[in-house]
Every structure is written in structure tokens, then in C-alpha cells.
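Subject: Structure handover

Hello,

I am passing on the structure we spoke about.

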Amino acid sequence: MTIEEKERELIDSFAIYEDWMEKYEYIIELGKDLPLIADDYKTEENIIKGCQSMVWLHAEKKDDKVVFTADADAIIAKGIIALLIDVLSNETPEAIMNAKLEFINAIGLQEHLSPTRSNGLVAMVKQMKMYAIALNMKQ
Amino acid sequence: MMMKFSVNDIRAQFPILQTKIGKYPLVYFDNGATSQKPQVVIDCINQYYSAENANIHRGVHHLSQVSTTNYENARKTIQAYLNAEKSEEIIFTKGTTDGINLIAQSFGRMLKAGDEILITEMEHHSNIVPWQMVAQERGLVVKYIPMNEAGELKLEGLDDLLTDRTKIVSLTHVSNALGTINPIEKIIEAAHQKGAKVVIDAAQSLQHFKVDVQALDCDFMVFSGHKIFGPTGVGILYGKEDLLNAMPPYQGGGDMIKTVSMKETTYNDLPHKFEAGTPNIVGGIGLGKAIEWLSSLDLEAIQAHENDLLAYATTALEAIPNLKIYGTAAQKSSTISFLIEGTHPYDIGTLLNQQGIAVRTGHHCTQPIMDFFEIPGTIRASFSFYNTHGEIDQFINALKKALAMLS
């Protein structure tokens, strides 16, 4: 599945829920399936800066694809990073770098998680793209 | 002057309280961060830009005279509210932070290496960092009055902390993170016995109760307009006249000078000496209006209502399993900081927001307090007298729903 196809699936899944409290329940559920970061990578330098909660993110390359793992100490932050990993993990660095991630707006995440320092959604996306750039240069 | 206090009459004056967040009515419990504005203040700002706008203190023309009069009348309203002796002792600033920086940078310039500044463990960053900055520049020592588990200052050791080198004692009247009301009268008296000057950070107190700077005998008092029903970007520094006269100017520019030549400048008299540049004119006038409005209310009834809200919310929160309140001082303003074991404040804050409840989560710019309790932050509900018992019920129900989702 391409990134756009995965985004489309997520938009459809979220469309089922009318109430934002239900959407949050879904985000919380997604967090439970988050590919967890290995304890060795849960270091200070892997913390995404700009989040009110602690979010750790790791990336490595497997067969030309970037694989992300993460964890967070807040349940909603965990769900949001899971959402982003769902879309961006197992993709090539180029695809990640070029991803427009329009689903964020389509779902309405942007307005419900305004891009302030408190939620770090923007910081998460930026960090994932930075990893993709770094891993792309390594090859 | 006893009037009947009606929360509904008060609420009717705040248009923003009619806001809906999605399908939920707004419950605004973030008053510690900023208060909402009554219609009279909004109208006053509108009136200023619609009919009065002109620069102050320099024009001979009609509008300049109108705006100068209104600005200076606002100063007098604030003087009367604080019971300052003279209006010259009322300096307009950008806010509390600006006021403390002014004192630190101006009064601080008169201090010598080894002189001591005494603050407390429960200060907002804005009453820590400016002192650390001037301490670093001038080789001063910053000391801290410790606090106990309840969030009360430990004053047993105060006499040892106050030395002959203590020049400034700067402390908050009410803790923004914990709600503690500090016994400032006692501390002012002890500091004065050692010859130290006292700065009171009143950012979290004046919106809850009246103070009298002459009765308190504090040397300086600072507060922000936006937390006391006025506009943002304006605040007040009260200082005793002799001290302000002795202090060097903080910023140079227009309005603060008497004469300027290529060689030297002589400075203007108080209060203008500390008000360089075109000030926040509408801010000052709006703040004057806010304080005039506040003065027209029954302040005792307001305080009784806020105490009632605090007691009601505290009881309701204490009934929630695994919930811990941080800040259990005997004397508290209407602010409650809490955490629930096993949940992150960010999750709670996010899910409360979805249900129309505005609270603050995080460290509240008081990282030393968070270090003291070894926590990353809290959820803080801070009430104003326009809040109601019904809103607290809504908040508690929303909190229970959030907890059910997160369990």
C-alpha cells in the first residue's frame, strides 16, 4: 500500500465516528498496537522535543525501507505516534520525505491538536522526516 | 457597601462565557493563566480606538489631551485600588515579568558582589530567572526560602536566611501552581528588620482579594492586567517613591527624558522615568476600567464565593480514587493542582478539552515546585468568581469520563 492509500484508509476509519471523544477512543486503541521501541533506544536523545509528554522515536533501515518504533508516557501521544507510524513506517526515505500527510487535516487532527508546544504532532512529523533524510544520506 | 452577589449577573457581563466548544458549553477553569474580560472593558477598548486614539503626553491637540487624561486617570484608579500614597508610584509595565525585570535590572545595578537576594522555592520562573541573571552579572547570591509538603513556606529558618547582606526579598503573594497564600505581612516585617527591600509578586492575588500597599508596607508590588480582567500586554509596578527616585532608569527612549543633548541626558520625573517609549495606551486605559469595574463589586462576597468553589471542588476531587492534590496549604486561593495515579496530565487535559473544559496542564512555569514533588507537571483548575458549582459538576463528570477512557 502506498502512503496515500494508507492515509485514505485512516480517513475512512475516522469517518465512522461522529464525536471527537469516540475518535479519541480510537486513537487510544491504535496506541495499543504501537510497534514499541527497544529499551536500549529509549534514551534522552531519542526523545522528541516539543511534546508535553515524553515521546521516544527510533528509526532504522531494513531493505531500503525505514522502520519506526516508538513509545510515549501519555496514552494519547502514544496513539498519535502510532497513527503516524502506521502511515510512514515500511516506506522508502524518499516516500517519507515527500509525504504530504493530508490525512492529518482531513481527519481534523490539526484543529483538535493545534500545532502548539503542548501536543507535538508537528514535532513528531518533523522528526520522522529528519530520520528519513538522515537514512537517505547514509546509503 | 453590601450588595447581593449574583453569579448569573456577573456571568452575563462576560460574553465569552457563552462560547460552546463543539456541543459542550465552555467551562473556563484556566483563570490562573488569564482571566476573561467583562463587556465594560471590551467596550472601553473599542471606544478608545473608535474615538480617542492619539499619542499621549505630547500633543496639544484635542485627542491627545483626551487620551492623556484617560491614561493618567487609569493610573489614579489603580493607585486608589492599591491604596498607594501617590500616583507617581504607579508605573505602567508590560506585565508582571516586565515589572520584576525592571526591578532586577534597575535596583540590581545598585547592588555589590556578595549581596544576597532571597526568593522562595515556589516562585514562577519570572521571579527566579531575572534574579539569576542579575546575580550572574554582578556576583550576587540567590537564596531560597524552602517549602513543606503542603506547599507552605517554612519560615522557621527565615531569620537565618535573612542576613545583613540580604538586599531584596522577592516572593509571590499567591502561588500560581499550588494556590498557597503566603504570609507576606510576616515576611515583609522580618525583611525590613534586616534592612532588605521586599518585592511582592501579586500576579495571582489581586484578582481574588484587595491589598493595601501602605498597610502591607511592601517596597514593590507587581501584577499583570490580563489576569485581573484587563487587557494583555499591560501591568503595574508599584514602588515606594524614594526607592524609585533612587533607582537608575531601566530603558532609555522617549517620554523618560527631561532634556537630551549629544553629550548627556537628564531624566524625567516619576513615573515617566520608567516609561520609555509610547506605552500600551489602550492597555493602561483598559486596565483602569477593569479595576474600576472590580472595585464596584462586593469584594467580600466575591471572595466567599471563590472559597466556596474551592471547597466544593476539593471535596469532589478528593472522592476520585488515586487522585492527589498538590498544594494543601491552610490558606489557599481558588486554585487546585492535581494528578491521578497512572494517568498523564496531558491525556486528562486533552480529553477534558474535548468536553469543553479549559484547564492547564504542565509545569506552570514553576519547575522547582515540580522538582520538589518529583512530578513532571500537574493538571490545574483555577477558578474565578464567575465560575459556578454547576461548572464544577460538569468538570468532575468530564474527568470521570476521561478516566474511564484511559483505564
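The notes below go through what was found, one part at a time.

Please keep in mind that this is a predicted model.

Sheet in chain B

In chain B, 4 strands make up an open, antiparallel sheet, and their order is S13-S14-S17-S16. The edge positions belong to strand S13 (323-326) and strand S16 (360-362) of chain B; each has a single partner strand, so one side of each has no neighbour in the sheet. On average, and with direction ignored, neighbouring strands are turned by 30° against each other.

S13(B) is held to strand S14 (residues 335-340) of chain B by 4 bridges, and the two run antiparallel. Within this pairing, Leu323(B) sits opposite Ile340(B) in S14(B). S14(B) is also joined by 4 bridges to S17(B), again antiparallel. Here Ser337(B) has Arg380(B) in S17(B) as its bridge partner.

Is S14(B) buried or exposed? Of its 6 residues, 6 are buried, so S14(B) is largely enclosed by the rest of the structure. In a regular strand, side chains alternate between the two faces of the sheet. Both faces of S14(B) are covered: one side carries Thr335(B), Ser337(B) and Leu339(B), the other Ile336(B), Phe338(B) and Ile340(B), all of them buried.

Helix H11 (residues 299-318) of chain B lies across S13 and S14 of chain B and runs at about 5° to S14(B). Helix H14 (residues 389-406) of chain B lies across S13, S14 and strand S17 (378-382) of chain B, at about 15° to S14(B).

A buried helix in chain B

Helix H12 (residues 345-353) of chain B has 8 of its 9 residues buried, so H12(B) is largely enclosed by the rest of the structure. The buried residues are Pro345(B), Tyr346(B), Asp347(B), Ile348(B), Gly349(B), Thr350(B), Leu351(B) and Leu352(B).

Helix packing in chain A

Two packed helices are described by the angle between their axes and the distance between the axes. For helix H1 (residues 3-15) and helix H3 (residues 75-88), both of chain A, the angle is about 140° and the axes are 8 Å apart. H1(A) and H3(A) are therefore oblique to each other. On the H1(A) side the contact involves Ile3(A), Lys6(A), Glu7(A), Leu10(A) and Phe14(A), which meet Leu83(A), Asp86(A), Val87(A) and Leu88(A) in H3(A). By class, this contact has 6 nonpolar and 3 charged residues, and no polar ones.

Backbone points in chain B

Most residues other than glycine have a negative phi, and most peptide bonds are trans. The peptide bond between Leu270(B) and Pro271(B) is cis, with omega about -5°. Pro271(B) is in the loop between strand S12 (265-267) and helix H10 (281-295) of chain B.

Cys365(B) is not a glycine, yet its phi is positive, near 55°. Cys365(B) belongs to the loop between S16 and helix H13 (367-373) of chain B. Glu374(B) likewise has a positive phi near 55°, and lies in the loop between H13 and S17 of chain B. With a relative accessible area of 72%, Glu374(B) is exposed.

Cysteines

How many disulfides are there over all chains? The count is 0. Cys218(B) is at 0% relative accessibility and therefore counts as buried, whereas Cys365(B), at 24%, counts as partly exposed.

Regards

Methods: Residues numbered from 1 in each chain as written. Chains lettered and ligands numbered in written order. Predicted model: local features only at pLDDT ≥ 70, side-chain atom pairs only at ≥ 80, totals over all residues. Heavy atoms only, no water. Axes fitted to C-alpha atoms, helices over the stretch in contact; angles between N-to-C directions. Parallel < 35°, antiparallel > 145°, perpendicular 65-115°, else oblique. Contact = heavy atoms within 4.5 Å. Nonpolar A, V, L, I, M, F, W, Y, C, P; charged D, E, K, R; others polar. Disulfide = S-S within 2.5 Å. Buried < 20%, exposed > 50% of the residue type's maximum accessible area, 1.4 Å probe, protein only. Pairing = 2+ DSSP bridges.
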